[in-house]
Amino acid sequence: MIKFRNVTKFYPPDTYAVKGINLHIKDGEFVSIIGQSGSGKTTLIRLLIGEEHVTNGNIIVGGWDISNIRKGEVPILRRQIGVIFQDYKLLPNKNIFENIAFALEVCGSSDKKIKIMVPQILKVVNLLGKADKYPRQLSGGEQQRVGIARALIHRPKILVADEPTGNLDLANSRDIIDLLQKINQLGTTVLLVTHDREVVNMLKRRVVVLDRGEIVSDQKIGRYVI
Amino acid sequence: MNYSFFRALRYAFKDFGRNFWLSLVTITVLILALLSVNILISLNALSDRVITAVKEKVDISVFIKADVEQAQVANFEAKLKKRPEVKEVIFVSKDAALADFKEQHKDDPRILEAIKEVEKNPLADTLIVKAKSIEDYKQILNFINLEENQDIIKYQNYTDHEKIIARVNDISKKAEEVSLIISLVFAIIAILIIFNAIRVSVYTRREEVAVMRLVGASSSFIRLPFLLESVIYGVFAVIITFAILYAAFSAISPYLNVLLNNYSFNLVEYYNQNFVMLFAAEAGAVILLSVLSSAVALGRYLKV
């Protein structure tokens, strides 16, 4: 599904954000990428969603080499990769329904399609009863679930979660991880970037460890080791 | 496409309302720029009308000696008519001239008394000559003044309106220069303020734009609402400007009519006649200006 081939990102004058990354993530896998801040986790995500270009190497997503993706093609890539963030990135002046609908609206979906799809996805994240609430009226965990719903609305093959539990307490973090696992079981490849020890140990799935831009460990059933 | 366009339009209106005061200021400056352009247009039309009217009044009156035979006059009239620079020649017999004169002074018994006393008609047969253009009068005068024609001509009278025309030209040119400079100043201010308005819009919508990019909106869709917002500024400004113009013209036209009683010029009529052309040209220019200005602002501040 995702292949990083000898990927290097260099920032002049002398910073390697990632260096010689070789990583193969199969269809339907659940992979955690861990590492301290500055280890290159976020750069890897930014490269994957076309926010940055590689200096060297190739990134292949579903057979599509996005290493030197053109500006006009980035939106196409973004509709195939859902992304969620630590700060949820919800629009405060839109209610939950509108926040999710917005993702469809701006990509040109019809009103009819929006009316059908949004309740479906709200059901998946168990927020159907809160469609008309505003983000500030929800708990952190619920807000992150809205973020997940929005990321899934285009039915992406890949879901990238960048520190999704960073602002949440343990119970809420568990909820979110459970939800990610459920989504993974439904067939979506999940890439979880985190430095939450509890979360990683709870998952018992593949763990890739980054340090100073390089992969130092890649275990099938990993634990948080740094 | 339709969904995208109407959604972009909706976002544009939303943003217009969100930065309402800034939108208002932007439209106001656009209106000021448009008003000064329209003052320029009105002045132009006005001075054109005055000059044409003055030119129409210019003619040569050729007074015929009393003892000249009709055939000779007809012959001279025919010669005049043949000349390429002559537009028309009107023969006014001395009887008609007298009747006209009496009619003009019917309220003045002293003049009527004086005419009665003279007994004989003191006026002369007259040929009124109009040239095709104001520059042609010199040639016509040269012809009239030829030696061979002096047998039948008592005298000729050419009212020279050149000075009036030059003066009207001069005043209108100066007024146009001033309003052109004012228009340019307002246009520059308008460009800068639209630029700033779009910059502020980009800033207020930065979160929305970030989410749009994240979920895969195309960059043209992200840009469209901003461009439409500037088009909205332009459209509002042009409509309000024309409303103000019509109101102002209706208010001042009675005074203008007094001032120009001889020229039968009405600005409302002028704008009615040229409405489509003026509206389209001004709307086109303002929208083009707005879109260009906001496109530069987007290029600078919206990274998509």
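**Chain B, then one glutamine**

Modeller: In chain B, 40% of the 304 residues are buried (under 20% relative accessible area, 1.4 Å probe, protein chains only). This is a predicted model, where local features need pLDDT of at least 70, side-chain atom pairs count only at pLDDT 80 or more, and totals for chains, interfaces and linings use all residues. Residues are numbered from 1 along each chain as its sequence is written, chains are lettered from A in the order in which they are written, and side-chain values use heavy atoms, without hydrogens and water.

Colleague: How many helices and strands does chain B have?
Modeller: Chain B has 11 helices and 4 strands.

Colleague: What domains are assigned in chain B?
Modeller: Domain 1 covers 2-54 + 164-301 and domain 2 covers 59-158; these bounds come from an automatic or database domain assignment. Their C-alpha centres lie 54 Å apart.

Colleague: And what does the C-alpha trace of chain B span along its principal axes?
Modeller: About 100 × 40 × 35 Å.

Colleague: Switching to chain A, where is Q144(A) found?
Modeller: Q144(A) is in helix α5, residues 140-152 (helices are DSSP runs of H or I, at least four residues, numbered from the N terminus).

Colleague: Why does Q144(A) count as buried?
Modeller: Because its relative accessibility is 0%.

Colleague: What does Q144(A) touch?
Modeller: Leaving out residues up to four places away in sequence, Q144(A) touches I84(A), F85(A), Q86(A), Y88(A), P164(A), L168(A) and I176(A), where contact means heavy atoms within 4.5 Å. A polar atom of the Q144(A) side chain also lies 2.9 Å from the backbone oxygen of P164(A).

Conventions:
Helix = DSSP H or I, 4+ residues; strand = E, 2+ residues; numbered from the N terminus. Buried < 20%, exposed > 50% of the residue type's maximum accessible area, 1.4 Å probe, protein only. Polar contact = N/O pair within 3.5 Å; in protein donor to acceptor, adjacent residues only side chain to side chain.
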